[in-house]
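Subject: Handover of a model, with notes

Dear colleague,

Please find the sequence and structure below, followed by my notes on what turned up when I went through them.

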Amino acid sequence: MQLGGIIRGVVRDAANNPIQDAAVMIVTGPAHHDIAALTDASGAFDFGDVTPGRYVIQARGEAVMSESIQLTVRPARVSFVQIWLEADLDEGDLATGEADDYNGDSLPRLPDAEPGDFADELY
């Protein structure tokens, strides 16, 4: 039996304040029972017991969405991501989000990813 991993992270605004009730979505990746989570008062979210593999996630706050964020989940490990959303946009604009891993290293951006894009690379 293969052990699952965890996707855990925090969503913040441009001033580094946590964003409560932001939706974090798994856009593509191996099959998983949860595809979305809401952040708590500290901006934290968690997808537990995730099938190991490559995933693309996005965060959405009030009228703001992050860029697509690619990460790899390993068995029995935590994949940590910090996502910043900037809200100084006209309604409906796409935010220029950034994401870092647990060590503070930038995660790669996937340009203009839509649900289903890159699926052949993720399995």
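E5 and E7 pair in the antiparallel sense over five bridges, where strands are DSSP runs of at least two residues, helices (H or I) are DSSP runs of at least four, both numbered from the N terminus, and two strands count as paired if DSSP finds at least two bridges between them. Within that pairing, isoleucine 57 has isoleucine 69 of E7 as its bridge partner.

This is a predicted model, in which local features need pLDDT of at least 70 and side-chain atom pairs count only at pLDDT 80 or more, while totals for chains, interfaces and linings use all residues. Residues are numbered from 1 along each chain as its sequence is written, and side-chain values use heavy atoms, with hydrogens and water left out.

E5 also pairs with E2, again in the antiparallel sense and over five bridges, and there methionine 25 has glutamine 58 in E5 as its bridge partner. With strand E6 (residues 64-65), E5 forms an antiparallel pairing over two bridges, in which arginine 60 stands opposite methionine 65; two residues lie between the strands of this hairpin, and alanine 63 takes a positive phi near 60°. Because seven of its nine residues are buried, E5 is largely enclosed by the rest of the structure, buried meaning under 20% relative accessible area, exposed over 50% and partly exposed in between, with a 1.4 Å probe and protein chains only.

Phenylalanine 47 is in contact (heavy atoms within 4.5 Å) with residues including Ile7, Val24, Ile26 and Ala37, leaving aside neighbours within four places in sequence. Alanine 37, in strand E3 (residues 36-38), is buried at a relative accessible area of 14%, and its contacts, not counting residues up to four places away in sequence, include Ala22, Phe45 and Phe47.

Best regards
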